[in-house]
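Visitor: I would like to learn how to read a structure with several copies of a chain. Please show me.

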Amino acid sequence: MLIHDANLQLALDMVGVFVFALSGGLVAVRKRLDVVGVIVLAWVAGLGGGTIRDVLIGAVPPVGVSDWRQMAAAAAAGLLTFVFHPGFGRISRFVRVLDALGLAVFAVGGSLKALGYGVTPITAVVVGVVTAVGGGMMRDVLAGQVPEVLRHELYAVPALLGSTIVVVASKTEHLNVVVVWLAVALVFAVRMGAVMLDLNAPKPLRTGDRS
Amino acid sequence: MLIHDANLQLALDMVGVFVFALSGGLVAVRKRLDVVGVIVLAWVAGLGGGTIRDVLIGAVPPVGVSDWRQMAAAAAAGLLTFVFHPGFGRISRFVRVLDALGLAVFAVGGSLKALGYGVTPITAVVVGVVTAVGGGMMRDVLAGQVPEVLRHELYAVPALLGSTIVVVASKTEHLNVVVVWLAVALVFAVRMGAVMLDLNAPKPLRTGDRS
Amino acid sequence: MLIHDANLQLALDMVGVFVFALSGGLVAVRKRLDVVGVIVLAWVAGLGGGTIRDVLIGAVPPVGVSDWRQMAAAAAAGLLTFVFHPGFGRISRFVRVLDALGLAVFAVGGSLKALGYGVTPITAVVVGVVTAVGGGMMRDVLAGQVPEVLRHELYAVPALLGSTIVVVASKTEHLNVVVVWLAVALVFAVRMGAVMLDLNAPKPLRTGDRS
């Protein structure tokens with residue numbers, strides 16, 4: 001079945017690892033870390049989400065410490081960031097785009113992998129979201145900044161949407177490669193739309209607001 | 001045996017998840033996060049401790065990503081916090097009370113679950129304490145504040161007391177529902193007493209103290 | 001075989017737990033935490049790396065919550081720090097030395113344990129590095145400071161060196177107790193050399209540098 005399509009899983013994982021690792025490297029550059037710090041933060045951002053996913057579904061040792069292709073992709077992204085970052089221009093904006101792409105492929109890929117391990121649909125959805133937000137969360141905590149997922153724009157919602165789509169498609173026998181990539185595109189589009197339109201989820205009412 | 005009493009385990013877990021999730025939501029409100037941030041922090045606080053517990057004892061996938069009742073309780077607590085928080089009055093104090101109750105049920109419930117997985121008594125005690133402090137620790141780290149467990153009042157000690165009581169009771173064949181709830185009440189009472197009397201554990205001597 | 005030498009593994013673990021726990025206790029003292037906070041941070045620093053290692057290789061419950069000797073060593077280190085720290089003199093420098101020693105024994109011991117669980121060589125190397133940097137990383141995140149491993153001196157590199165040496169020695173049938181302790185000494189020497197000579201890995205170029 002598609003769920004066990006190792007090539008598709010690897011493609012989703014590799015894209016996610018690479019772009020999240022770039023985002024980690026860029027955050028490290030912005031924090032003025034040295035080359036090792038850049039690579040470490042690239043690893044954490046790129047491999048963290050998948051490692052949490054694999055621990056949660058019992059797939060140990062996790063790919064983040066065992067698949068040399070994914071580890072090499074994360075290290076390469078870190079090095080690339082370190083060498084070429086002055087050409088990247090506005091770092092913050094670029095981090096956002098990479099982050100959105102990683103969010104999309106990890107939400108979808110994380111749910112697919114969890115389904116392959118025989119978990120229930122709701123677990124597959126949650127594991128997908130955790131995969132998508134976990135690496136960026138670890139990146140931000142280590143770098144000493146409030147995690148993106150807690151900040152003001154829609155972040156976890158598109159991941160939840162993508163995970164739900166592939167899990168529902170799987171359970172209703174509609175899952176195929178086209179659906180998978182459409183789900184990835186949809187998550188990316190919704191997230192980027194939220195960033196560009198500066199769409200925010202509602203905030204709590206403020207009592208005794210001084211503004 | 002009592003140790004495998006699924007209803008008791010679920011009751012302890014549900015109370016703990018709900019009150020810790022409320023505490024997470026309130027911290028998020030205080031940090032001015034949006035509705036998604038409030039729910040995410042409610043989830044982390046409510047489901048984090050049990051997730052760490054389950055990973056440590058090999059119970060994967062953890063209930064925090066697989067039991068819809070606990071996930072719904074955490075989400076409901078997050079939404080409640082978001083909608084009704086202006087009526088909660090002094091947020092900080094309320095967080096402390098919820099935190100104490102969650103500490104109590106998670107210390108006891110965490111040790112009970114660990115015993116059910118056949119670990120040694122010392123492991124059951126430690127896993128209980130980790131369950132009790134884990135969610136709040138993750139909540140505070142993500143929110144960018146020093147974890148409650150490292151701050152000035154007695155926090156880990158009552159949890160250690162509660163976990164020890166149920167593990168000793170279990171090994172001496174005195175464990176029953178009354179003992180379980182008495183242990184919960186004791187942890188809660190000790191923790192609240194420490195908060196209200198402002199009891200602190202001793203601090204290190206200061207050399208060259210300027211005060 | 002040497003890989004399953006329980007005494008050697010225990011010796012490496014005990015040294016690492018004790019010195020990392022001292023480092024955790026000293027950081028806690030510097031942050032003016034109370035006695036419980038000191039012991040908690042000693043535990044996290046001392047037992048955190050090995051706990052992450054065991055979760056990654058599927059050795060649950062991890063020794064960090066099950067081996068009373070290691071837990072006692074961490075608690076003793078925390079208490080020692082709390083009582084005697086005024087005699088420790090310059091805390092920051094002492095933390096660095098302890099950290100270097102813990103890094104050395106955990107990198108080597110972590111890789112040895114992973115090899116004993118039948119993982120691939122590359123996984124054994126990575127798990128060794130994660131064991132070495134994990135406890136200090138958790139210590140620093142909880143204490144609200146940027147992790148040592150992301151700061152300016154060579155930190156992860158000596159760990160990588162030590163892990164690689166024992167894994168290569170194991171795969172080429174050259175592994176024995178002398179090689180193990182030489183690898184430990186080498187990691188320690190390289191790390192201390194980096195600290196004393198203030199050797200830093202290269203930093204990213206700064207665009208629009210104002211210095």
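This is a predicted model: local features need pLDDT of at least 70, side-chain atom pairs count only at pLDDT 80 or more; totals for chains, interfaces and linings use all residues.

Visitor: By what turn and shift can chain A be laid on chain C?

Guide: In general, two copies of a chain are related by a rotation about an axis and a shift along it. Here chain A is laid on chain C by a turn of 120° and a shift of 0.0 Å along the axis, with an RMSD of 0.0 Å. The two copies are thus related as by a three-fold rotation axis. They use different surfaces, since 8% of the contact residues of chain A recur in chain C.

Visitor: How many residues does the contact take from each chain?

Guide: It takes 24 residues from chain A and 28 residues from chain C. On the side of chain A that touches chain C, the elements giving two or more residues are helices H2 (35-56), H3 (68-84) and H5 (121-142) of chain A. H2(A) provides the largest share, 7 residues. By type, that side of chain A has 18 nonpolar, 4 polar and 2 charged residues.

Visitor: Where is H2(C) kinked?

Guide: The kink, of about 45°, is centred on C:Leu47.

Visitor: Is H2(C) enclosed or open, and what comes just after it?

Guide: Of its 23 residues, 23 are buried, so H2(C) is largely enclosed by the rest of the structure. Just after H2(C), C:Gly58 has a positive phi of about 80°.

Key. Residues are numbered from 1 along each chain as its sequence is written. Chains are lettered from A and ligands numbered from 1 in the order in which they are written. Copies are superposed by least squares on the C-alpha atoms of residues with pLDDT of at least 70 in both. Two residues are in contact if their C-beta atoms, placed from the backbone, lie within 7 Å. Helices (H or I, at least four residues) and strands (E, at least two) are DSSP runs, numbered from the N terminus. Ala, Val, Leu, Ile, Met, Phe, Trp, Tyr, Cys and Pro count as nonpolar, Asp, Glu, Lys and Arg as charged, and the others, Gly among them, as polar. The bend at a residue is the angle between axes fitted to the seven residues ending there and the seven starting there. A residue is buried if 20 or more other C-beta atoms lie within 10 Å of its own, exposed if 12 or fewer, and partly exposed in between; C-beta atoms are placed from the backbone.
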